[in-house]
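Colleague: I would like to go through this model with you, one question at a time. Show me the sequence and the structure.

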Amino acid sequence: MSSTNLNLEGYIFMNNYIIREAIISDIEELYKLQILAFKSEAEMIGSCEVPALQESPEHHRADFTNWKTLKLLNDTGDIIASIRFKIYDDMIEIGRLMTHPDYRLQGFAQKLLEVVDEMYPDLVKELYTCTKSWTNIRLYEKMGYKSYSEVTETSGLSFVYMRKINSNL
């Protein structure tokens, strides 16, 4: 398995935006971003049953250490996007990929996915999203993810499960 750690200075790109690993003191700001980002997602798909909106602040805090989380900071140091993922022996589970609504469609989610790919080029990546989240699905397909399963939950929401196998595997 190949892996690269971000250096302590972070990964700087596009006009001083910085990607760094999130730390415990970021939990509250990440939770606020999660609620804001997924509320607009819920409005778009017409359901408040989005899993990210069902998570309590306490569960979010308790679950933080189970994931590796990267944060994307703007030039004032605010977290405007984030990705969390779990590393297994032969794959990465992408958890929450989120961007502040005011910063969407500027390539930040794509950049976070690219950084995870750069950090773990030899591992398969898997994620899921709502089947009504066409913007997300288009991004994931653009990044090389392919659908392999679709599941309808008891909430009535349908989710598509997607996988990316890097060409060097």
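Colleague: How much space lies in the largest cavity?
Modeller: A cavity is a set of points on a 1 Å grid over the protein atoms alone, where a 1.4 Å probe fits but cannot get out. Grid points are joined across faces, edges and corners, and a volume is the space filled by probe spheres set on the points. The structure holds one cavity of 30 Å³ or more. The space in the largest cavity is about 80 Å³.

Colleague: What are the ground rules for the numbers?
Modeller: This is a predicted model, in which local features need pLDDT of at least 70, side-chain atom pairs count only at pLDDT 80 or more, and totals for chains, interfaces and linings use all residues. Residues are numbered from 1 along each chain as its sequence is written, and side-chain values use heavy atoms, with hydrogens and water left out.

Colleague: Which elements give two or more residues to the lining of the largest cavity?
Modeller: Lining residues have an atom within 4 Å of a point. Here they are L30, Q34, H60, D63, F64, W67, T69, S82, R84, R96 and M98. Helices (H or I, at least four residues) and strands (E, at least two) are DSSP runs, numbered from the N terminus. The elements asked for are α1, α3 (57–63), β4 and β5.

Colleague: How many residues of each class are in that cavity lining?
Modeller: Ala, Val, Leu, Ile, Met, Phe, Trp, Tyr, Cys and Pro count as nonpolar. Asp, Glu, Lys and Arg count as charged, and the others, Gly among them, as polar. The lining of the largest cavity has four nonpolar, four polar and three charged residues.

Colleague: Take Q34 from that lining. Is Q34 buried or exposed?
Modeller: Q34 is found in helix α1. Buried means under 20% relative accessible area, exposed over 50%, and partly exposed in between (1.4 Å probe, protein chains only). Q34 has 1% relative accessibility, so Q34 counts as buried.

Colleague: Now the open space. Which element gives the most to the lining of the largest pocket?
Modeller: A pocket is an open set with protein on both sides within 12 Å along at least five of seven lines. The largest pocket holds about 860 Å³ of space. Its lining has 36 residues, of which E41, L97, M98, N136 and Y140 lie nearest its centre. The element that gives the most, with seven residues, is β5.

Colleague: What classes make up the pocket lining?
Modeller: Elements giving two or more residues to this lining are α1 (27–45), α2 (51–54), β5 (91–99), α4 (108–119), β6 (124–130) and α5 (134–142). By class, the lining has 21 nonpolar, nine polar and six charged residues.

Colleague: Why call α4 largely enclosed by the rest of the structure?
Modeller: Its buried residues include F108, L112, V115 and M119. The label applies because the buried count in α4 is 10 of the 12 residues.

Colleague: How far apart are the end C-alpha atoms of α1?
Modeller: The expected span of a helix is 1.5 Å times one less than its number of residues. For the 19 residues of α1, that should be 27 Å. The model agrees, with the end C-alpha atoms 26 Å apart.

Colleague: What is the phi of L105 near?
Modeller: L105 lies in the loop between β5 and α4. L105 is exposed, with a relative accessible area of 80%. Most residues other than glycine have a negative phi. The phi of L105 is positive, near 60°.

Colleague: Last one. What share of the protein chain is buried?
Modeller: The chain has five helices and eight strands. Among its 169 residues, the buried share is 47%.
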